[in-house]
Structures are given as C-alpha cells and as structure tokens.
Amino acid sequence: MIEFLQQLINGLAQGSIYALIALGYTMVFGVLRFINFAHGDVYMLGAFAGLYTAPKLLTAFGGGPSLAGATAVLLTAMFICAIIGIVIERLCYRPLRDRPRLTVLITAIGVSLFLENTGQYAFGADPKSFPEIVVDRAIEIPESWGAFSALTITVGQLIVVGVTFLLLIALRAVVLHTRLGMAMRALSFNPLAASLMGVNTDVVISFTFGLGSALAGAAGILTSIQQPSIDPLMGVNAGLKAFVAAVLGGIGNIPGAALGGILIGLLEALVVGYINPTYRDAIVFAVLILILLLKPSGLLGTSEGEKV
Amino acid sequence: MTRHPKILLFVALLACAALSSLAGKVSPYYYDVIIGIGINIILAASLNLINGYTGQFSLGHAGFMAVGAYSSAWLTLSFGYIFGLGTLATTTTYFLALIAGGLMAALAGLAVGIPSLRLRGDYLAIVTLGFNEIIKGVIQNAEPLGAQRGLGGMVQSTNFFWTFAFAALTVYVVLTLVHSTYGSGFLAVRDDEIAAEAMGINTTKYKVLAFVVGAFFAGVAGGLYAHFKQFIHPEGFNFLRSFDIVVMVILGGMGSTAGVCLAAVLLTILPEWLRVVDDYPWLPDWLRPITENRMILYSLLLIILMLTRPQGLFGAENLKRKSA
C-alpha cells in the first residue's frame with residue numbers, strides 16, 4: 001500500500017510536467033487545428049535557457065540556491081520560450097496558414113528536427129548537469145505518522161506539483177477572464193465568426209503560441225529540478241508523451257490536457273513500479289492507440305464532425 | 001504518365017543489377033554506398049506508396065524495416081543449417097528469409113493499417129511513430145533477438161544483384177499498382193477521401209493495402225540491410241531513421257516515384273560528399289561540423305521546401321491538392 005502511494009506521488013510529479021507541456025499542444029490545436037510537433041523541443045530549450053541563465057541569476061540573488069533565484073530562473077526561461085514560440089509561429093507556420101494540413105505538419109516536423117539537431121550542435125550532444133537552483137532533498141516525515149513515514153517525498157516533487165498547480169490557476173484566469181483569453185476561445189470555437197467579430201486572428205495565435213511555449217519552458221525548468229541532467233533530445237520523448245496526454249484528455253480541451261498529463265504520469269509510474277521499466281514508453285503509445293480506437297475525442301473532449 | 005517509362009525503368013534497374021553483379025570490383029567504400037542507395041530506394045519508393053500516393057502520413061517506416069530485418073536475421077541464424085552451408089543453400093535460405101521478413105513486416109503493416117482507418121493526418125503520423133517505438137521496445141526486451149545488445153553473425157548474402165533486383169521490383173510493383181485501373185483508388189483516397197467514399201470506393205481497403213504493400217518492401221529492405229551489415233541494433237531503427245526516409249519522399253515529391261528514387265540516391269550520397277569537407281584544410285572551420293550534422297541541413301531543407309515548393313523538387317504535376 002505504501003509502495004503504491006509512493007508510485008502515485010512519483011507519478012503525480014512526472015504527470016505535472018506532462019500536463020504543462022500538453023497544455024501547449026492542446027491550445028495550439030484549439031486555435032489552429034494542427035499539432036505543433038516542435039513543442040517538445042521548446043520544452044528542451046526551456047531547460048537549456050535555465051542552464052545558461054541560472055548561474056548569473058543566482059549570483060544576482062545572493063548566490064546559492066534560493067527561492068527568489070529559482071523564481072527568476074523560472075520566469076526567465078518562460079519568457080525566452082514564449083519568444084521562441086512566437087518566432088517559430090511567425091516564421092514557419094504563419095506563411096502556411098491556408099496550405100494543406102500535411103504541408104504544415106511536415107514543416108512542424110522540420111522545425112522539430114532543426115531545433116533538436118541545432119541543439120546538439122550548439123549545446124553538445126552529451127547530457128549537461130543542471131545547476132542546483134533549489135536544494136532538492138527528501139522531506140522528513142515524522143514517525144508519529146506511522147506507516148506513512150516510509151514515504152519519500154522530495155522538495156523538488158512538492159515544488160513541481162505546487163508550481164504546476166499555480167500555473168494552471170493562472171492559465172484558467174487568463175483564458176476565462178481576459179479579453180485575449182476570450183478571443184482565444186472564440187477562435188477555437190469558430191475562426192471565421194471570430195474574425196468577423198473583430199478578433200485579430202494573428203495576434204491571438206501569436207499569444208497562444210507564446211502562452212503554450214511559456215508553460216513548456218516552465219516544465220523544462222521543473223524537470224531539471226528533479227532530474228538535473230538535460231540533453232538536446234530530452235524533448236522528443238516528453239513531447240510525445242505530453243501529446244498522448246493531450247489526446248487522452250481530448251485535444252483542444254484545456255482541463256482535459258491537465259487531466260491527461262497527470263493520468264499519463266501516474267500510469268507511467270505504475271508501469272515502472274509494478275511491471276517493467278523498459279515498457280514505460282511502449283505502454284504510453286499503446287494507450288494512445290487504444291484511445292484513438294475507442295474514444296478518439298478523448299476523456300473530456302467533444303467530437304466534431306467533419307464538414308465537406 | 002504513359003505506360004512505357006515504368007517498363008523502361010524496370011529494365012534499366014534490372015540491367016543495373018546484372019551489370020553491377022558482374023562488375024564486383026569496386027572498392028569496399030563505394031560498395032557500401034551503392035548498396036545503401038539500393039536499400040534507400042526500396043524504402044523511399046515503398047513509403048511513397050503510403051505517404052505519396054495514398055496520402056496517409058506514416059512516420060514509422062523504420063519500424064517495418066526492423067520487423068523485416070530481425071525476422072529474416074533470426075530465420076537465417078536459426079535455420080541456416082537446414083540446407084547445409086553451400087553457396088546455393090545459403091542463398092536459398094537467405095532469399096526465403098527475405099520474403100518471410102517482408103511478410104512479417106506486411107503483417108505489422110496490417111496491424112498499423114487497421115487502426116489507421118479511423119485516423120488521418122497528424123494523428124496517424126503520431127500513431128505510426130508510436131508503433132515504431134513499440135516495435136523497438138519489444139525488440140529491446142526480446143532475448144532471442146539479442147535485446148539491447150543487438151543481433152549479429154549473419155552471413156553477408158546481400159550483394160548488388162539482390163539489392164537492385166528488389167529495388168526494381170519495388171518500383172515496378174508500386175508503379176503498376178498505382179497506374180492500374182484498380183490503383184486509381186489510391187489516388188482517389190489521397191485527393192479527397194470523402195468524395196472517394198461517396199463514389200463507392202472502399203477507402204478502408206485501399207489504405208490497408210497501401211500499408212501492407214509498403215510494409216512488405218520495407219521489411220525486405222530491412223532483411224537486405226541485416227544481411228549486408230551483419231549486425232543490427234534496435235537503435236538503428238528509431239524514429240530518426242523513419243524521418244530519413246520521410247525526408248527522401250518529401251524532397252523527391254510525394255507521389256512521384258522517379259523523384260523519390262532520385263532523392264533516395266541524392267540523400268544517400270550527400271553525407272558522403274559532405275564528408276569531403278574534411279579533406280580540404282583551407283575551408284572555413286565552421287563548415288567542419290556539417291558532416292556530423294547533416295540533419296540540421298536536412299531539416300532546414302525541409303522547412304524551406306515546404307515554404308516555397310511544397311510539392312517537392314520533382315513532384316511537379318502529381319500533387320494537386322486543395323486545402324483540406
């Protein structure tokens with residue numbers, strides 16, 4: 001039982017990362033109806049943005065790991081990723097907006113490969129160790145809690161889950177209570193009608209890319225707190241799993257992406273804990289295939305008929 | 001396209017196979033590159049049937065290749081002794097193993113094709129990519145197939161003749177299939193699936209057929225590869241290998257077999273040419289890493305191509321698609 005609980009905790013922390021990345025997939029799909037293959041690599045760039053800015057920012061906040069320093073690193077990485085996301089959209093996707101979806105898909109794959117390979121060239125292909133921005137130690141659980149004291153919960157896990165929770169609340173506020181958020185929802189509901197009502201489509205799409213990429217950047221930093229070894233291909237696997245999470249929750253549905261991310265994280269932790277760690281990747285894809293066969297609209301999504 | 005070019009192409013490739021097997025005096029380096037070209041032609045032409053002619057977007061071709069490579073290697077390693085060790089016997093086993101590898105891959109193609117019926121575009125791309133990873137994952141856990149260590153010790157039976165004979169066969173089958181009355185269904189599915197279905201075309205059948213035939217030849221290519229390199233490793237069939245093949249198809253022009261074959265040749269030789277950079281000390285230093293980083297070049301090429309000429313370098317009239 002305690003071991004099961006332990007796996008759930010590990011899964012929740014990993015699932016939060018997937019949830020943050022999945023939100024970017026789902027929001028972009030909502031407004032543009034296409035899968036931004038390069039999104040996982042933006043997450044990788046977030047981690048590297050942290051790697052390069054952390055030493056300076058930590059020194060500016062008094063050197064050594066500190067809450068203020070870590071927050072600064074997180075916000076910087078989010079900002080850098082938002083810019084990268086907006087630039088990618090502007091340069092590669094906007095010129096293709098009226099082209100067949102396959103063309104856009106291939107471009108997205110091209111962008112993804114470009115980021116991965118340029119990353120390997122610029123940062124080096126070998127894993128880099130991420131500076132310690134937060135002291136990631138195990139939290140002592142008092143003996144009086146009985147059997148629960150056998151659980152291992154780290155500061156890193158708490159931060160990951162906590163920050164994800166805060167970001168989700170912030171995102172909800174942005175999407176539901178700001179004019180841009182309303183425009184975003186209008187666009188994903190009906191692009192033509194939205195633009196007829198005076199929504200500036202280009203601005204909203206840029207904003208969506210920025211928002212999604214900022215969340216991916218945050219995920220990059222949060223991962224690095226738990227597993228301080230980052231490499232230019234780290235976005236491939238995480239990106240694919242987050243995509244599966246977005247589909248599981250119902251692509252285009254924002255709460256669905258968060259839910260899907262957590263569920264995929266939990267599933268993965270249980271597979272690692274109870275079956276065989278080498279199956280952790282394969283099982284996620286098996287889930288994807290099952291959802292697409294049984295309920296393609298996902299857990300929270302609504303199915304959409306194709307119009308001729 | 002008239003009926004004659006494909007026969008010409010077939011004859012030309014067969015002649016190439018016959019001639020090259022006679023020649024046999026090229027240096028090991030060129031031998032390696034030329035066999036690589038042949039294998040890539042098979043892979044690209046067969047993927048073109050799925051991606052180019054039928055308009056499905058598969059990102060898992062290396063997975064089918066892996067199935068073929070491992071099945072055929074396992075067969076020759078396990079049953080090679082049955083026919084004895086003579087040249088004829090080894091060749092017979094090899095040939096049967098190639099075909100069996102192709103059939104196993106076709107079976108895998110069937111398994112991928114069936115769920116793909118409900119998916120299109122982006123979803124299909126991810127699912128096929130997922131299948132590729134699942135196949136890799138299964139091999140990594142299969143002890144009889146060498147698991148993480150890879151599988152080696154196959155006899156090097158692949159030569160010019162077999163490689164180019166199968167390349168010719170692939171091109172022939174794909175072209176004949178697509179240009180037959182029956183095969184117009186592939187193009188119809190690609191051009192407008194809903195309209196095709198409304199006209200009474202069984203789109204399901206065509207999609208699955210494309211996957212099965214495409215996977216068969218990818219499996220054969222895998223078998224050829226396994227019996228040429230004499231060592232195979234699960235990581236050699238990862239998604240990057242699939243991307244390599246996809247780049248060939250896109251660069252050549254989806255739905256243009258001649259273009260795709262040309263792209264397969266070009267993209268096999270290009271890294272070798274880029275290696276030349278190392279031989280000239282006067283070239284600027286920033287050019288050096290280009291040999292290891294050909295993928296940067298490929299990906300840029302892909303993006304620029306999509307922005308400026310989405311039909312590929314050679315796919316002039318073949319790909320007329322309206323925005324979907």
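Predicted model: local features only at pLDDT ≥ 70, side-chain atom pairs only at ≥ 80, totals over all residues.
Let me begin with the meeting of the two chains. The contact draws on 34 residues of chain B and 34 residues of chain A. On the side of chain B that touches chain A, the elements giving two or more residues are helix 5 (121-141), helix 10 (239-252) and helix 12 (294-308) of chain B. Which of these gives the most? That is helix 5 of chain B, with 12 residues. By class, the side of chain B that touches chain A holds 22 nonpolar, eight polar and four charged residues.

The largest nonpolar core has 203 residues, and the members that touch the most other members are A:C81, A:A218 and B:A44. Helix 9 (residues 203-229) of chain B supplies the largest share of this core, 16 residues. Let us look at A:C81 itself. Not counting residues up to four places away in sequence, A:C81 touches A:V42, A:L45, A:G46, A:A49, A:S213, A:A214, A:A216 and A:G217.

A:C92 lies in helix 3 (residues 67-93) of chain A. Is A:C92 buried or exposed? The residue has 21 C-beta neighbours inside 10 Å, and the threshold for burial is 20 or more, so A:C92 counts as buried. Leaving aside neighbours within four places in sequence, A:C92 is in contact with A:T107 and A:V111, and also with B:I303 of chain B. From A:C92 to A:I254 the separation is 162 residues in sequence and 25 Å in space, C-alpha to C-alpha.

I now come to two helix pairs, one in each chain. In chain B, helix 2 (residues 28-53) and helix 6 (residues 160-179) have axes that come within 8 Å and cross at roughly 15 degrees. Helix 2 and helix 6 of chain B are therefore roughly parallel to each other, since the limit for that description is under 35 degrees. Their crossing is left-handed. Among the residues making this contact are B:I34, B:G38 and B:Y53 of helix 2 of chain B, together with B:F160, B:T163 and B:V178 of helix 6 of chain B. The contact of helix 2 with helix 6 of chain B comprises 15 nonpolar and five polar residues, with no charged residues.

In chain A, helix 9 (residues 234-249) and helix 11 (residues 280-294) pack at an angle of about 30 degrees, with axes 10 Å apart. That angle makes helix 9 of chain A roughly parallel to helix 11 of chain A. Helix 9 of chain A passes helix 11 of chain A in a left-handed crossing. Here A:N237, A:K241, A:V244, A:V247 and A:L248 of helix 9 meet A:D281, A:V284, A:V287, A:L288 and A:I291 of helix 11. Seven of the residues in this contact are nonpolar, one is polar and two are charged.

Finally, I would draw attention to two backbone details. A:R33 is not a glycine, yet has a positive phi of about 55 degrees. A:R33 sits in the loop between helix 1 (2-32) and helix 2 (39-60) of chain A. With 16 other C-beta atoms within 10 Å, A:R33 is partly exposed. In chain B, B:Q230 has a positive phi of about 65 degrees, although B:Q230 is not a glycine either. The place of B:Q230 is the loop between helix 9 and strand 2 (231-232) of chain B. B:Q230 has 15 C-beta neighbours inside 10 Å and counts as partly exposed.

Technical notes:
Residues numbered from 1 in each chain as written. Chains lettered and ligands numbered in written order. Axes fitted to C-alpha atoms, helices over the stretch in contact; angles between N-to-C directions. Helix = DSSP H or I, 4+ residues; strand = E, 2+ residues; numbered from the N terminus. Parallel < 35°, antiparallel > 145°, perpendicular 65-115°, else oblique. Left-handed = near helix turned anticlockwise from the far one by under 90°. Contact = placed C-beta atoms within 7 Å. Nonpolar A, V, L, I, M, F, W, Y, C, P; charged D, E, K, R; others polar. Core = buried A, V, L, I, M, F, W, Y, C linked by C-beta atoms within 7 Å. Buried ≥ 20, exposed ≤ 12 C-beta atoms within 10 Å, placed from the backbone.
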